[in-house]
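Welcome, and take a moment to turn the model around before reading on. We will then go through it together.

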Amino acid sequence: HLSLRRQRQMCIRDRYTTLHTAAKKISEDIVARLFPSKVQSKTQNKNYEKQLEWQHSESNPNQEQEQAIRQILADSSKPFPYIILGPPGTGKTATLTELILQLHHLNEKNRIIVAAPSNSAVDNLTIKLRKTIPAEKMVRVYSQTKIGQRVSPLIESIAVYGSGNRFGQKRIVCLTLGMSSVLKKLRAEDLENETITHIVID
(Lines give C-alpha, C1' and ligand atoms only; values in the text may rest on other atoms or scores of the structure.)
Protein backbone atom coordinates (compact mmCIF):
# COMPACT_ATOMS: atom_id res chain seq x y z
CA HIS A 1 0.00 0.00 0.00
CA LEU A 2 2.81 2.40 0.84
CA SER A 3 4.50 1.66 -2.47
CA LEU A 4 1.29 2.32 -4.39
CA ARG A 5 0.68 5.55 -2.54
CA ARG A 6 4.24 6.64 -3.23
CA GLN A 7 3.84 5.94 -6.96
CA ARG A 8 0.64 7.97 -7.08
CA GLN A 9 2.30 10.88 -5.28
CA MET A 10 5.19 10.81 -7.73
CA CYS A 11 2.76 10.70 -10.68
CA ILE A 12 0.89 13.75 -9.39
CA ARG A 13 4.16 15.59 -8.68
CA ASP A 14 5.50 14.82 -12.17
CA ARG A 15 2.25 16.03 -13.72
CA TYR A 16 2.40 19.36 -11.89
CA THR A 17 6.10 19.72 -12.65
CA THR A 18 5.31 19.31 -16.36
CA LEU A 19 2.52 21.90 -16.17
CA HIS A 20 4.77 24.43 -14.43
CA THR A 21 7.56 23.84 -16.96
CA ALA A 22 5.14 24.36 -19.84
CA ALA A 23 3.76 27.54 -18.24
CA LYS A 24 7.26 29.00 -17.91
CA LYS A 25 7.97 28.38 -21.59
CA ILE A 26 4.85 30.17 -22.84
CA SER A 27 5.92 33.33 -24.61
CA GLU A 28 4.61 36.74 -23.61
CA ASP A 29 2.98 37.08 -27.02
CA ILE A 30 0.87 33.94 -26.50
CA VAL A 31 -0.14 35.10 -23.02
CA ALA A 32 -1.16 38.49 -24.43
CA ARG A 33 -3.32 36.82 -27.05
CA LEU A 34 -5.01 34.45 -24.61
CA PHE A 35 -5.48 37.03 -21.86
CA PRO A 36 -5.61 40.47 -23.50
CA SER A 37 -5.76 43.47 -21.18
CA LYS A 38 -7.82 45.39 -23.73
CA VAL A 39 -9.72 44.38 -26.85
CA GLN A 40 -10.77 46.91 -29.43
CA SER A 41 -14.15 45.97 -30.84
CA LYS A 42 -14.05 45.19 -34.56
CA THR A 43 -17.64 44.89 -35.66
CA GLN A 44 -16.72 44.59 -39.33
CA ASN A 45 -19.73 42.46 -40.24
CA LYS A 46 -22.52 45.00 -39.99
CA ASN A 47 -25.05 42.59 -41.50
CA TYR A 48 -25.02 40.66 -38.22
CA GLU A 49 -26.70 43.60 -36.53
CA LYS A 50 -29.92 42.71 -38.35
CA GLN A 51 -32.63 40.45 -36.99
CA LEU A 52 -31.32 36.89 -36.78
CA GLU A 53 -33.47 33.93 -37.70
CA TRP A 54 -32.74 31.22 -35.13
CA GLN A 55 -31.73 28.01 -36.87
CA HIS A 56 -32.11 25.40 -34.14
CA SER A 57 -35.63 24.23 -33.36
CA GLU A 58 -34.94 24.36 -29.61
CA SER A 59 -33.23 27.77 -29.67
CA ASN A 60 -34.65 30.45 -27.42
CA PRO A 61 -31.54 32.38 -26.36
CA ASN A 62 -31.71 34.86 -23.52
CA GLN A 63 -30.17 38.31 -23.74
CA GLU A 64 -26.66 37.22 -22.71
CA GLN A 65 -26.65 34.23 -25.07
CA GLU A 66 -27.85 36.32 -28.01
CA GLN A 67 -25.22 38.94 -27.23
CA ALA A 68 -22.48 36.28 -27.27
CA ILE A 69 -23.70 34.90 -30.61
CA ARG A 70 -23.86 38.36 -32.20
CA GLN A 71 -20.43 39.40 -30.93
CA ILE A 72 -18.79 36.24 -32.27
CA LEU A 73 -20.56 36.62 -35.63
CA ALA A 74 -19.30 40.19 -35.76
CA ASP A 75 -15.68 39.11 -35.13
CA SER A 76 -15.65 41.48 -32.16
CA SER A 77 -12.74 39.82 -30.37
CA LYS A 78 -10.45 38.94 -33.28
CA PRO A 79 -7.63 37.92 -33.22
CA PHE A 80 -8.32 36.80 -29.66
CA PRO A 81 -10.49 33.82 -28.71
CA TYR A 82 -14.03 34.49 -27.51
CA ILE A 83 -14.68 32.62 -24.24
CA ILE A 84 -18.14 31.86 -22.90
CA LEU A 85 -18.14 31.13 -19.16
CA GLY A 86 -20.93 29.78 -16.98
CA PRO A 87 -21.81 26.98 -14.55
CA PRO A 88 -23.34 23.71 -15.77
CA GLY A 89 -26.87 23.97 -17.10
CA THR A 90 -26.71 27.62 -18.17
CA GLY A 91 -26.98 26.91 -21.90
CA LYS A 92 -23.37 27.09 -23.12
CA THR A 93 -23.74 24.09 -25.46
CA ALA A 94 -27.09 25.37 -26.75
CA THR A 95 -25.47 28.75 -27.44
CA LEU A 96 -22.59 27.12 -29.32
CA THR A 97 -25.02 25.00 -31.33
CA GLU A 98 -26.93 28.07 -32.47
CA LEU A 99 -23.66 29.89 -33.18
CA ILE A 100 -22.40 27.07 -35.44
CA LEU A 101 -25.73 26.95 -37.28
CA GLN A 102 -25.60 30.71 -37.82
CA LEU A 103 -22.03 30.54 -39.12
CA HIS A 104 -23.08 27.79 -41.52
CA HIS A 105 -26.25 29.60 -42.62
CA LEU A 106 -24.94 33.15 -43.05
CA ASN A 107 -21.76 32.50 -45.04
CA GLU A 108 -21.20 29.50 -47.29
CA LYS A 109 -17.44 30.11 -47.14
CA ASN A 110 -17.29 29.46 -43.40
CA ARG A 111 -15.57 26.20 -42.50
CA ILE A 112 -15.83 25.15 -38.88
CA ILE A 113 -14.00 22.75 -36.58
CA VAL A 114 -16.24 21.59 -33.73
CA ALA A 115 -14.39 19.95 -30.82
CA ALA A 116 -14.89 18.82 -27.23
CA PRO A 117 -12.86 16.75 -24.74
CA SER A 118 -15.00 13.58 -24.87
CA ASN A 119 -16.75 11.53 -27.55
CA SER A 120 -20.08 11.88 -25.76
CA ALA A 121 -19.80 15.68 -25.76
CA VAL A 122 -18.90 15.76 -29.46
CA ASP A 123 -21.72 13.32 -30.29
CA ASN A 124 -24.18 15.53 -28.40
CA LEU A 125 -23.18 18.57 -30.45
CA THR A 126 -23.10 16.60 -33.69
CA ILE A 127 -26.62 15.25 -33.20
CA LYS A 128 -27.96 18.76 -32.51
CA LEU A 129 -26.26 20.10 -35.66
CA ARG A 130 -27.21 17.14 -37.82
CA LYS A 131 -30.93 17.84 -37.23
CA THR A 132 -30.50 21.01 -39.32
CA ILE A 133 -27.40 20.52 -41.49
CA PRO A 134 -27.42 18.04 -44.42
CA ALA A 135 -25.14 15.00 -44.15
CA GLU A 136 -23.05 16.04 -47.16
CA LYS A 137 -22.00 19.23 -45.37
CA MET A 138 -20.49 17.73 -42.22
CA VAL A 139 -18.45 14.83 -40.89
CA ARG A 140 -17.87 13.19 -37.51
CA VAL A 141 -14.29 11.93 -37.17
CA TYR A 142 -13.68 9.02 -34.78
CA SER A 143 -10.53 7.19 -33.76
CA GLN A 144 -10.03 3.83 -35.47
CA THR A 145 -10.49 2.20 -32.06
CA LYS A 146 -14.18 3.15 -32.29
CA ILE A 147 -14.81 0.98 -35.35
CA GLY A 148 -17.68 -1.42 -34.69
CA GLN A 149 -19.09 0.54 -31.76
CA ARG A 150 -22.68 1.74 -31.89
CA VAL A 151 -23.35 5.36 -32.81
CA SER A 152 -26.53 7.37 -33.18
CA PRO A 153 -28.38 6.85 -36.51
CA LEU A 154 -28.04 10.61 -37.09
CA ILE A 155 -24.25 10.29 -36.87
CA GLU A 156 -23.81 6.93 -38.61
CA SER A 157 -24.13 8.33 -42.12
CA ILE A 158 -21.43 10.98 -41.54
CA ALA A 159 -18.96 8.97 -39.42
CA VAL A 160 -15.40 8.33 -40.59
CA TYR A 161 -12.67 6.52 -38.67
CA GLY A 162 -9.00 7.41 -38.47
CA SER A 163 -6.99 10.02 -40.32
CA GLY A 164 -6.81 8.32 -43.70
CA ASN A 165 -10.21 9.57 -44.86
CA ARG A 166 -10.64 12.61 -47.05
CA PHE A 167 -12.93 14.95 -45.17
CA GLY A 168 -11.37 18.31 -45.95
CA GLN A 169 -14.21 19.22 -48.32
CA LYS A 170 -16.79 19.20 -45.52
CA ARG A 171 -17.90 22.53 -44.10
CA ILE A 172 -18.17 21.24 -40.53
CA VAL A 173 -15.74 18.75 -38.98
CA CYS A 174 -16.68 17.34 -35.55
CA LEU A 175 -14.05 15.52 -33.47
CA THR A 176 -12.55 15.23 -30.00
CA LEU A 177 -9.62 17.38 -28.94
CA GLY A 178 -7.53 14.20 -28.87
CA MET A 179 -8.28 13.57 -32.54
CA SER A 180 -7.58 17.14 -33.64
CA SER A 181 -4.06 16.16 -34.73
CA VAL A 182 -5.59 14.61 -37.87
CA LEU A 183 -6.24 18.13 -39.12
CA LYS A 184 -2.52 18.54 -39.74
CA LYS A 185 -2.75 15.71 -42.28
CA LEU A 186 -5.27 17.47 -44.50
CA ARG A 187 -3.76 17.88 -47.93
CA ALA A 188 -4.05 21.05 -50.01
CA GLU A 189 -6.39 19.36 -52.48
CA ASP A 190 -8.65 18.30 -49.63
CA LEU A 191 -9.08 21.89 -48.55
CA GLU A 192 -9.77 23.09 -52.10
CA ASN A 193 -7.79 26.29 -51.51
CA GLU A 194 -10.04 27.19 -48.57
CA THR A 195 -9.10 27.64 -44.94
CA ILE A 196 -10.68 26.82 -41.61
CA THR A 197 -12.49 30.01 -40.54
CA HIS A 198 -13.69 29.06 -37.04
CA ILE A 199 -12.79 26.63 -34.26
CA VAL A 200 -15.52 26.02 -31.67
CA ILE A 201 -14.58 24.13 -28.49
CA ASP A 202 -17.26 23.07 -26.02
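Here is a short walk from the whole chain to its sheet.

This is a predicted model, in which local features need pLDDT of at least 70 and side-chain atom pairs count only at pLDDT 80 or more, while totals for chains, interfaces and linings use all residues. Residues are numbered from 1 along each chain as its sequence is written, and side-chain values use heavy atoms, leaving out hydrogens and water.

Let us begin with the chain, which has 7 helices and 5 strands. These are DSSP runs numbered from the N terminus (helices: H or I, at least four residues; strands: E, at least two). Read from the N terminus, the order is α-α-α-α-β-α-β-α-β-β-α-β. Of the 202 residues, 32% are buried, meaning under 20% relative accessible area with a 1.4 Å probe, protein chains only.

Now find the open sheet, where 5 strands are arranged as β3-β2-β4-β1-β5 with parallel pairing. Two strands pair if DSSP finds at least two bridges between them. At the edges are β3 (159–161) and β5 (198–201), each pairing on one side only. From one strand to the next, the twist averages 25 degrees; such angles run from 0 to 180 degrees between N-to-C directions, with axes as lines fitted to C-alpha atoms, for helices over the stretch in contact (heavy atoms within 4.5 Å).

Look next at β1 (residues 112–116) and β4 (residues 172–176): 5 bridges join these parallel strands. Here Val114 stands opposite Cys174 in β4. Finally, helix α5 (residues 119–130) lies across β1, β2 (138–142) and β4, at about 165 degrees to β2.

Conventions
Buried < 20%, exposed > 50% of the residue type's maximum accessible area, 1.4 Å probe, protein only.
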